[in-house]
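Hello,

Here is the structure we talked about. Please open it alongside this email and follow the residues as you read.

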Amino acid sequence: MRPQPARAPVAAWVGATGSLSARLARAHPPFSVRVLHQGRAPAWPGEHDSLGLPAHTPLLAREVILCGNGTPLVFARSVTSMQAAHGAWRAIQGLGTRPLAHLLFSRSEIRRTPLQWQWLPIADPSARAIARQWQEATEQPLPARGLWMRHSVFHRAGQALRVAECFMPNLVNEWPPTD
């Protein structure tokens, strides 16, 4: 069960389907991607389960900040197995600063699970990891209470890729988002 975002601006961003990158590019041009990390990484809670993988399966992670008009707006983390990173999802290794959405929403054979979202209190281990990376990359602290996060899993050729996106307050507090 996913909690319903309480306010319309939050729900409009967190619950929106389609390409978040395209939506941000329309609402806050110019759009850019800042790559924080790409390579082998330890799993966050729930990632192995979301991917349908046994615990301790090596993962490839791509962590980025999505910016609009030079302002950091979203922290995104995409993970897949190392095996899939050399198979069905090998294209993510060559994205550089291009959005992952260019791959995910341009190929008809890719399927997406429904979005799941949740409020992450700042005491949550995932929220603390995001806060640390966010502050190092942007020199801005995360809000003291927490943040909204959503995730879904994309499937291609029998391999799964989990994409999680964490919304910063300056984005979810605006209304209306541009569609």
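**Arginine 156 and its neighbours**

Leaving aside residues up to four places away in sequence, arginine 156 touches Ala88, Trp89, Leu103, Arg107, Glu109 and Ile110. Keep in mind that this is a predicted model. Arginine 156 belongs to strand β6. Its relative accessible area is 17%, and under 20% counts as buried, so arginine 156 is buried. Its side chain also reaches the backbone oxygen of alanine 88, at 2.9 Å.

**Helix α2**

Helix α2 covers residues 20–27, and its buried residues are Leu20, Ser21, Arg23, Leu24 and Ala27. Viewed down the axis of α2, these buried residues fall within an arc of 160°, so they line one face of the helix.

Arginine 23 lies over the face of tryptophan 13, 5.1 Å from the ring centre.

**Aromatic pairs**

How many aromatic pairs are there? The count comes to three. One of them joins tryptophan 44 and phenylalanine 75: the ring centres are 6.2 Å apart and the planes meet at 15°, so the pair is stacked. This pair links distant parts of the chain. Tryptophan 44 sits in the loop between β1 (31–41) and α3 (47–51), while phenylalanine 75 is in strand β3 (residues 71–81), 31 residues apart. Tryptophan 44 is buried, at 13% relative accessible area. Phenylalanine 75 is buried too, at 0%.

Tryptophan 119 and tryptophan 148 form an edge-to-face pair, with 5.7 Å between centres and 70° between planes. Again the pair links distant parts of the chain: tryptophan 119 is in strand β5 (residues 116–121) and tryptophan 148 in strand β6 (residues 146–156), 29 residues apart. Is each of these two buried or partly exposed? Tryptophan 119 is partly exposed, at 30% relative accessible area. Tryptophan 148 is buried, at 12%.

Go back to tryptophan 44 for a moment. The charged end of arginine 77 sits over its ring, 4.3 Å from the centre.

**Nonpolar cores**

The largest nonpolar core has 17 residues. Trp13, Leu20, Leu24, Leu66, Val74, Phe167 and Leu171 touch the most other members. Elements giving two or more residues to this core are α1 (8–14), α2, β2 (59–68) and β3. A second, separate core has 16 residues, including Trp44, Phe75, Ala164 and Met168.

**Backbone points to check**

Which residues does a cis peptide bond join? Proline 29 and proline 30, with omega about -10°. Proline 30 is in the loop between α2 and β1.

Asparagine 69 has phi near 55°, a positive value in a residue other than glycine. Asparagine 69 is in the loop between β2 and β3. It is exposed, at 54% relative accessible area.

Alanine 157 also has a positive phi, near 50°. Its place is the loop between β6 and β7 (159–167). At 70% relative accessibility, alanine 157 is exposed.

Best wishes

Technical notes: Residues numbered from 1 in each chain as written. Predicted model: local features only at pLDDT ≥ 70, side-chain atom pairs only at ≥ 80, totals over all residues. Heavy atoms only, no water. Buried < 20%, exposed > 50% of the residue type's maximum accessible area, 1.4 Å probe, protein only. Helix = DSSP H or I, 4+ residues; strand = E, 2+ residues; numbered from the N terminus. Arc of directions from axis to C-beta. Phe/Tyr/Trp six-rings, centres within 6.5 Å; stacked < 30°, edge-to-face > 60°. Lys NZ or Arg CZ within 6 Å of the ring centre and 35° of its normal. Polar contact = N/O pair within 3.5 Å; in protein donor to acceptor, adjacent residues only side chain to side chain. Contact = heavy atoms within 4.5 Å. Core = buried A, V, L, I, M, F, W, Y, C linked by side-chain atoms within 4.5 Å.
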